[in-house]
Amino acid sequence: MAAIPGGADHAHDHAHDQPSGIMRWVTTTNHKDIGSMYLWFSFAMFIVGGIMALVIRAELFQPGLQVVDPDRFNQMTTLHGLIMVFGAIMPAFVGFANWMIPLMIGASDMAFARMNNWSFWLLPPAAILLSTSLLVPGGAAASGWTLYPPLTVQMGMGMDMAIFAVHILGISSIMGSINIVTTILNMRAPGMTLMKMPLFCWTWLITAYLVIAVMPVLAGAVTMILTDRHFGTSFFNAAGGGDPVLYQHIFWFFGHPEVYIIAIPAFGVVSQVIPAFSRKPLFGYASMVYATSSIAILSFIVWAHHMYTVGMPVAGQLYFMFATMLIAIPTGVKVFNWVATMWRGSLTFETPMLFSIGFLFLFTLGGFSGLVLSMTAVDVQLHDTYYVVAHFHYVMVAGALFSAYAGAYYWLPKWTGHMYDEKLGKLHFWLSIVFFNMTFFVQHFLGLAGMPRRIPDYALQFAEFNMISSIGAFGFGLSQLVFLVVALKCIRGGAKASAKPWDGAEGLEWTVPSPAPHHTFETPPVIK
Amino acid sequence: MGLSLLSGLVRAEMKFNLQEPATELGHKVYDLHLMMTIVCGVIFVAVFGVMFWSVFVHRKSAGHKAATFHESTTVEILWTIVPVFILLGMAWPATKTILAMRDTSNPDITIKVTGYQWKWGYDYLKGPGEGISFVSNLSTPQPQVRNEAAKGGEYLLEVDNELVVPVGKKIRILTTANDVIHAWWVPALAVKQDAIPGFIRDTWFRAERTGTFRGQCAELCGKEHGYMPVVVKVVSDEEYAVWVEGKQKAMASAADDPNKVYALPELAPRGEKVFAANCAACHQANGKGLPPAFPPLDGSKVVLGPQDEQIKVLLNGRPGTAMASFKGRLSDTELAAVITYTRNSWSNATGEVIQPSDIKMARGE
């Protein structure tokens with residue numbers, strides 16, 4: 001098909017074969033349509049998970065119980081975590097992958113177009129299962145997103161719904177990842193060697209391998225909970241010869257790479273955006289690839305640093321501390337490379353660049369608090385406190401979310417054919433960064449002072465910082481609506497975007513018109 | 001090291017740092033954290049100083065033209081190697097602290113801490129005070145939680161029975177749990193240890209000054225996770241001896257005669273106390289529960305049905321639900337009292353009195 005001459009006409013013909021209306025979206029196998037659906041889905045889940053976060057912060061605005069009872073509160077923290085990780089951030093980056101990887105490597109579509117459709121359409125049922133579990137008798141899972149037994153054995157059917165949802169989401173991400181690996185390895189345009197690929201493709205190639213390696217582990221762990229709950233097994237029940245800590249080992253063997261499944265594509269987006277607005281090639285491309293791969297490999301051997309207080313042998317604690325500290329080295333290399341890319345560039349500060357700099361600044365801060373937490377003796381003090389909450393929100397929100405926004409603003413002109421409203425975009429950035437820090441920076445102090453996480457009510461000495469944090473959270477939540485306005489405005493109209501609206505941008509995606517036509521690269525481009 | 005001077009300055013305003021340590025190990029952790037924070041802070045300022053320099057100077061609007069360099073092997077090797085040495089410098093004190101932290105040998109007193117949903121049980125196993133055993137509950141009144149009364153100064157960090165230990169003695173804490181995972185945590189003593197059902201873990205502390213130190217359960221353990229504080233009172237040796245004597249006497253006089261036959265007016269008020277301390281968190285003081293997770297006892301089929309059934313539920317719990325087994329937590333008399341209370345409270349009026357001997361028989365089965 002790719003060899004048929006006159007590709008543009010061919011594409012035009014195809015547009016008429018499409019079913020219209022809702023069936024177009026249900027049956028589509030087009031990577032751009034599916035990418036858009038992923039992005040909209042993840043934004044919707046981001047709003048749902050965000051509302052849950054606001055319920056949490058509303059309850060924590062003052063000491064005492066005001067908004068929800070403690071059981072509901074625990075359901076909110078659990079679902080907020082599950083929805084943000086599996087429903088918002090992961091699908092967002094799969095959306096970017098769907099849209100951009102074929103455009104970046106000069107492929108006509110993803111390798112398995114029908115499977116692509118299926119991996120997306122698995123998501124809504126999982127999302128419905130998770131959200132409606134709030135309404136069933138006993139309420140939703142209330143054990144934290146980590147789902148530690150034996151607490152998970154006590155829950156009602158909401159827990160089973162969460163387990164089933166995790167299974168479905170896992171299958172979806174595994175299929176998505178197989179698709180990405182196959183596309184990248186087989187469908188690159190002639191002449192595009194692996195080491196000529198845009199870094200975003202590299203980061204996704206590595207991420208996809210991580211997903212394929214660890215999602216089945218999570219599925220196994222939650223299945224064991226399911227059988228402990230209903231079929232009389234005792235994997236995690238000491239009375240039957242099992243061990244509750246075994247679950248934590250299995251979970252975090254998934255959980256730590258999961259952190260990088262979220263972070264590595266974010267690195268990829270930023271590695272596209274910073275060179276574009278510095279008008280200078282990415283510094284240390286090869287070392288970026290090696291650093292990313294090292295981070296991915298190291299992520300498999302550090303899991304028990306989430307478990308310093310379970311009572312591991314001291315040799316285990318020392319090993320996991322040293323291994324964890326090692327991650328600082330490749331991560332440092334990446335940060336230095338980004339800064340060196342900006343050094344002596346010709347910088348401009350459009351919204352994507354602002355979000356990338358915000359990412360760089362805050363992600364590094366989260367990295368440093370991670371280094372502090374890697375110290376076993378210090379972590380024993382800070383484990384399960386708000387310090388940890390602050391740490392992973394710096395990595396997840398300021399890391400993954402900010403970079404997703406950087407990517408969204410960067411590629412919106414390519415997706416819609418219009419320029420977004422730069423003023424509103426900048427407003428979105430400044431509101432986000434101010435309120436983000438207001439929400440989460442003070443949580444470091446709360447954790448240091450001794451406030452445990454996952455509590456609906458707290459001692460009076462924590463009152464001031466919690467109030468500041470709650471105000472910040474509402475500000476941050478509302479600021480995200482600015483993005484919705486920008487995105488809708490941009491889809492409906494605005495200044496026409498040229499094929500390459502950013503003068504410093506590099507890559508094949510900028511060689512096709514904006515908006516990108518329904519079918520692109522039916523004849524693969526040739527890379528010198 | 002200069003750090004101690006600096007840490008003295010930071011300690012003036014405690015809200016921004018770890019709590020003031022009360023153990024030698026706590027000081028080590030405190031200084032380690034401070035050292036890490038300062039080193040990370042310096043690197044952060046240096047790296048982002050470079051970045052912001054670039055942001056202000058190398059901007060297009062200032063007319064800066066982009067350079068074209070995109071790699072430098074020397075620089076790249078340098079910024080891979082230098083962090084290795086910085087990390088080695090950090091790892092050294094960190095390793096020493098961990099080794100000290102995990103040395104639980106030669107304790108003066110050994111205490112077993114058991115996590116229950118949602119309270120702590122303390123058993124003095126070895127050393128002065130051996131044999132003392134009690135349960136420690138949150139003592140903050142419910143109206144304060146529900147904002148119907150002004151909150152006291154130690155809101156949520158106060159208990160009915162504090163753990164009392166002597167100053168300067170090595171206290172080894174064995175942790176375990178009865179139902180789900182809890183974590184026993186006192187920030188000022190620099191101890192946090194998960195309490196895992198079916199397993200025993202240990203940790204230790206040696207308080208260097210007297211005082212009351214407060215912490216909380218740190219591992220999510222269900223609905224009332226936020227309401228199970230840990231309070232440790234460190235006293236002088238003399239005070240400790242007095243406390244031990246008083247506690248042992250109180251325990252002896254509180255011991256019930258398991259063969260006594262009670263009448264309803266005698267047993268029900270005792271049952272009400274047991275109910276308030278053990279049951280009310282879920283089943284509520286008014287007996288209405290919080291359905292569907294926590295069923296009502298008022299009008300309940302089990303409570304109004306055959307006695308044996310209800311006794312079995314209390315002894316064995318209901319696996320797969322939050323209803324725990326109270327076999328090891330309550331005495332025969334306490335169980336008899338609380339069952340009697342539930343069968344004769346709210347709208348329940350069976351008039352039945354369950355005797356400690358009934359429980360004893362049920363246990364025997």
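The model is predicted.

Chain A has 17 helices and zero strands. Its radius of gyration is 23 Å, close to the 24 Å that the globule rule gives for 528 residues, so chain A is as compact as a globular protein of that length. Along the principal axes, the C-alpha atoms of chain A fill a box of roughly 70 × 50 × 45 Å.

One helix pair in chain A joins helix 4 (70-105) and helix 8 (residues 199-230). These helices of chain A pack at an angle of about 125°, and their axes are 10 Å apart. Helix 4 and helix 8 of chain A are therefore oblique to each other. The crossing of helix 4 with helix 8 in chain A is left-handed. From helix 4 of chain A, the contact uses Ala97(A), Met100(A), Ile101(A), Met104(A) and Ile105(A). Helix 8 of chain A supplies Phe200(A), Cys201(A) and Trp204(A). By class, this contact has eight nonpolar, no polar and no charged residues.

In chain B, helix 2 (residues 24-57) and helix 3 (residues 73-101) form another pair, with axes that come within 10 Å and cross at roughly 165°. Helix 2 of chain B is therefore roughly antiparallel to helix 3 of chain B, as angles over 145 degrees count as roughly antiparallel. This crossing in chain B is left-handed. Helix 2 of chain B brings Leu25(B), Lys28(B), Val29(B), Leu32(B), Met36(B) and Val39(B) to the contact. Facing them in helix 3 of chain B are Ile86(B), Met90(B), Pro93(B), Ala94(B), Thr97(B), Ala100(B) and Met101(B). The contact of these two helices of chain B has 11 nonpolar, one polar and one charged residues.

Chain B also holds an open sheet of five strands, in the order 3-2-1-5-8. The pairing in this sheet is mixed. Strand 3 (133-136) and strand 8 (201-205) of chain B stand at the edges. Each has a single partner strand, so one side of each is left without a neighbour in the sheet. Neighbouring strands of this sheet are turned by 25° against each other on average, direction ignored.

Two antiparallel pairings in the sheet of chain B were examined. Strand 1 (residues 109-116) and strand 2 (residues 119-126) of chain B pair in the antiparallel sense over seven bridges. Within this pairing, Gly121(B) in strand 2 of chain B stands opposite Thr114(B). Strand 2 of chain B also runs antiparallel to strand 3 of chain B, and four bridges join them. Here Trp120(B) has Ser136(B), in strand 3 of chain B, as its bridge partner. Strand 2 and strand 3 of chain B form a hairpin with six residues between the strands. In this hairpin, Gly127(B) takes a positive phi near 95°.

The two chains also meet. The contact takes 80 residues from chain A and 80 residues from chain B. On the side of chain A that touches chain B, the elements that give two or more residues are helix 4 (70-105), helix 9 (244-278), helix 11 (314-326), helix 12 (328-342), helix 13 (351-374), helix 14 (376-382) and helix 16 (422-449) of chain A. Helix 12 of chain A gives the most to this side, with eight residues. By class, the side of chain A that touches chain B has 48 nonpolar, 24 polar and eight charged residues.

Terms used
Residues are numbered from 1 along each chain as its sequence is written. Chains are lettered from A and ligands numbered from 1 in the order in which they are written. This is a predicted model: local features need pLDDT of at least 70, side-chain atom pairs count only at pLDDT 80 or more; totals for chains, interfaces and linings use all residues. Two residues are in contact if their C-beta atoms, placed from the backbone, lie within 7 Å. Ala, Val, Leu, Ile, Met, Phe, Trp, Tyr, Cys and Pro count as nonpolar, Asp, Glu, Lys and Arg as charged, and the others, Gly among them, as polar. Two strands pair if DSSP finds at least two bridges between them. Axes are lines fitted to C-alpha atoms, for helices over the stretch in contact, and angles run from 0 to 180 degrees between N-to-C directions. Angles under 35 degrees count as roughly parallel, over 145 as roughly antiparallel, 65 to 115 as roughly perpendicular and the rest as oblique. A crossing is left-handed if the near helix is turned anticlockwise from the far one by less than a right angle, and right-handed if clockwise. The radius of gyration is taken over C-alpha atoms; the globule rule is 2.2 Å times the number of residues to the power 0.38.
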